[in-house]
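Hi everyone, thanks for coming. Please have a look at the picture with me, and we will walk through it piece by piece.

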There are 2 protein chains.
Amino acid sequence: MSVFDVAIVGGGLIGAATAFELAPEKLRVLVLDRREPGREASWAAAGMLSPGPDSPDALPLVPLAKESLRLYPEFVAAVEDASGISVAFTRDGALEVFLSPHGEAERDAMIAGHRRLGLSIEPVSLDAARRIEPSMGAAVRAAAWLPEEATVDPRLLTDATLEAAERRGAEIRVGCAVSSLLRDGDRCTGVIAGGERIAARHVIVAAGCYSRGIADESENNWLAHYVPTNPVRGQMVALQPSDFRLRRVLRCERGYVVPRRDGRVVAGSTLEDAGFRNHVTAGGLRQILAAAVEMVPALAGAEVVETWAGLRPGTPDSFPILGPTDIEGLLIATGHYRNGILLAPITARLVREWITQEKTSFDAGIFSPLRFAEGIPNSTARRGASARS
Amino acid sequence: MSVFDVAIVGGGLIGAATAFELAPEKLRVLVLDRREPGREASWAAAGMLSPGPDSPDALPLVPLAKESLRLYPEFVAAVEDASGISVAFTRDGALEVFLSPHGEAERDAMIAGHRRLGLSIEPVSLDAARRIEPSMGAAVRAAAWLPEEATVDPRLLTDATLEAAERRGAEIRVGCAVSSLLRDGDRCTGVIAGGERIAARHVIVAAGCYSRGIADESENNWLAHYVPTNPVRGQMVALQPSDFRLRRVLRCERGYVVPRRDGRVVAGSTLEDAGFRNHVTAGGLRQILAAAVEMVPALAGAEVVETWAGLRPGTPDSFPILGPTDIEGLLIATGHYRNGILLAPITARLVREWITQEKTSFDAGIFSPLRFAEGIPNSTARRGASARS
């Protein structure tokens, strides 16, 4: 039986960043991924690092998002340094554009809301917006400038973070699915993965939308009480313009376009409940392309070089699930929904603090997995069993 | 030096069908393709066999198109018999649908026009149209039923026809680009292909939009005077619905959807002057998907399984270029624009008749290559040379 200090279930950016953060702590860290790591939601993301709320319901997430964005430069520098891979982190700001007849009023409401949250945002005239992004189209009725927003290439970042974690001594097992958690009473003692029993003092579940499907040895999936994730499909398109270069993120209510370092433009996205059917659809592509071309008409002539979809880990309240459980040794770090790339640095730091010290530097209590598992401490297994019968 | 009776430049469906038609005539037939045959316009086509005119300018093409559709069952039977490959030829009719507020008037005008040309078409109520195709959407304002229209899978048909031609004794050379035509005064005596001089009594140019680029040994491209083809890009999408099956072709002014035997739906297309840039664009896909989803709303949820583009061989008057030239031994069979799949049987038969008998069974005089080369018989090489200087 292998023995590790920490076993991380899931090799997406969250798992990789957590391994990278923990490995220097003289901990023996193992990352387990059911296929090639970093090819699920992390691979599918656009990489906009935008801490603003996408709805009023999202307000409680903003402090965590702001803190993670603050950590980003340092996180990227450490990953790039350890991996030798540049991850295309850019702090070029973003333009929020408004296409409706009430664009100016919508813009002003957003500005007021962002300012209440301490987020940098400025109204800009259409002329000024066009100086920021010359390819902006005539359909735009109003615009706001968010100077502190950043982007990163999520595929580069995830691969670099995996590489960096490995160089720091973490072990990464590819194509090694976790079939069960090992449990001994109120303690989680490890996992079974690839047919092997692996002992670990700490098990961190970072398996995105697949987290809730992980059972224990008796095929009881009590874990789902702590991690009730559900897949939320997002479709994406990569475009290659031949005659201009997009400089900035443009975003509207119906979609966004994000420039990549190689000149490509990533356009997205949809929010769909489609189970685990991870593919692009006619309706999804139509919507994404319509929004992209409306914001930046010159994109109509751009080559479609890739289409893909990803399954975000949604949760019942759309907030991440972060922190220790009442099962000793079991910690959750998933459910980041639309914000997994942005929240990776703060998530990794919190997990390190939960494992290595008494107190965290940021109060993440509202994201605790216990909010879903209320009333079932020490009885989750039985309740899970009876719910199945 | 190899010696053939017939060298066909281009292994698309036209070249393949011509080889299939000529091979039984005790002729030694060679097909030359610069890459894998059948992977250009034939591969990209939707396979609607629709003889109606797509504009008033297209009226002179209708008799040729009707004759080719009449030949189709026999052509398909012969190809399937010789190749052992089923090509998914179906005669299920097509619905022409009208989405504009003036839909009924447009429909009635189309019906009158088609009837004058002897084409089968019937007005149908929306209820009747929905019985023909239950997935037809509520945006349709009027419909007409074309009971004699057919479809074929162009990829299967092209591969089968190549196989059938080979089994009848034609030789097919893959990845063998024709770099020059060989000319001796007023005679074309063969080609240079893959670095080899190949003598042929008859050279048939069937190289689609690439035809005009073929020069002679002095790098003089006098051929372009007979074959002034230009690429007209068409973008395509293949969709895989999971919860219904499209039964019929639906077509409107802005696009069409064609069912395939395996349940896929092919949606198209665009008409674009984009040079030889053979790729799909944001604007093209957006337009195709919008038309498809408007005609058949259930397609919004269908998976996008493939996107591609093809370069149709356009011509200055949009008619094909068919027939002997005033260069002895040089015959043209290309420029079929949007109608290459439909016109393959009649084209192959005409070429056989031009080569093996005095007279053709169908008067194709208006499609002669001499209509572009007027006034330059016996002096094309000189004029070509001076035009370059």
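Predicted model: local features only at pLDDT ≥ 70, side-chain atom pairs only at ≥ 80, totals over all residues.

Residues are numbered from 1 along each chain as its sequence is written, chains are lettered from A and ligands numbered from 1 in the order in which they are written, and side-chain values use heavy atoms, with hydrogens and water left out.

Let's start with the pair. In general, two copies of a chain are related by a rotation about an axis and a shift along it. What rotation superposes chain B on chain A? Here the rotation is 180 degrees, with 0.1 Å of shift along the axis, and the RMSD is 0.0 Å. The two copies are thus related as by a two-fold rotation axis. In chain B, the C-alpha nearest that axis belongs to B:Arg286, at 2.6 Å.

How do the copies meet? Of the interface residues of chain B, 100% are also interface residues in chain A, so the copies meet through the same surface.

Now let's go inside. In soluble globular proteins, nonpolar side chains tend to be buried together. A nonpolar core here is a set of buried Ala, Val, Leu, Ile, Met, Phe, Trp, Tyr and Cys residues joined through side-chain atoms within 4.5 Å. Buried means under 20% relative accessible area, exposed means over 50%, and partly exposed is in between, using a 1.4 Å probe and protein chains only. How many residues are in the largest nonpolar core? It has 66, and those with the most contacts inside it are A:Val257 and B:Val257. Not counting residues up to four places away in sequence, B:Val257 touches B:Leu246, B:Met295 and B:Leu299, among others; contact means heavy atoms within 4.5 Å.

In chain A, find A:Leu246 in the loop between β13 (230-240) and β14 (249-252). Helices (H or I, at least four residues) and strands (E, at least two) are DSSP runs, numbered from the N terminus. A:Leu246 is buried, with a relative accessible area of 4%. Leaving aside neighbours within four places in sequence, the contacts of A:Leu246 include A:Glu133, A:Ser135 and A:Val257.

Back in chain B, is B:Arg233 buried or exposed? At 4% relative accessibility, B:Arg233 counts as buried. B:Arg233 is found in strand β13 (residues 230-240) of chain B, and among the residues it touches are B:Glu272, B:His279 and B:Ala309. B:Ala309 lies in strand β17 (residues 303-314) of chain B and is buried too, at 14%. Besides B:Arg233, B:Ala309 touches residues including B:Ala44 and B:Asn278.

Next, two helices in chain A. Helix α3 (residues 62-83) and helix α9 (residues 340-356) pack at about 85 degrees, with axes 7 Å apart. These axes are lines fitted to C-alpha atoms, for helices over the stretch in contact, and angles run from 0 to 180 degrees between N-to-C directions. α3(A) and α9(A) are therefore roughly perpendicular to each other, a label for angles of 65 to 115 degrees. Among the residues that meet are A:Tyr72 and A:Phe75 in α3(A), and A:Pro345 and A:Arg349 in α9(A). Chain B has its own α3 and α9, packing at about 85 degrees with axes 7 Å apart.

Finally, some backbone details. Which bond is cis in chain A? The peptide bond joining A:Gly268 and A:Ser269 is cis, with omega about -10 degrees, and A:Ser269 sits in the loop between β16 (265-268) and α8 (282-295). From B:Gly268 to B:Ser269 the bond is also cis, with omega near -15 degrees.

A:Ala88 has a positive phi near 60 degrees, in a residue other than glycine, and is buried at 13%. A:Ser318 is not a glycine either, and its phi is about 65 degrees; A:Ser318 is partly exposed, at 34%.

Terms used: Parallel < 35°, antiparallel > 145°, perpendicular 65-115°, else oblique. Least-squares fit on C-alpha atoms with pLDDT ≥ 70 in both.
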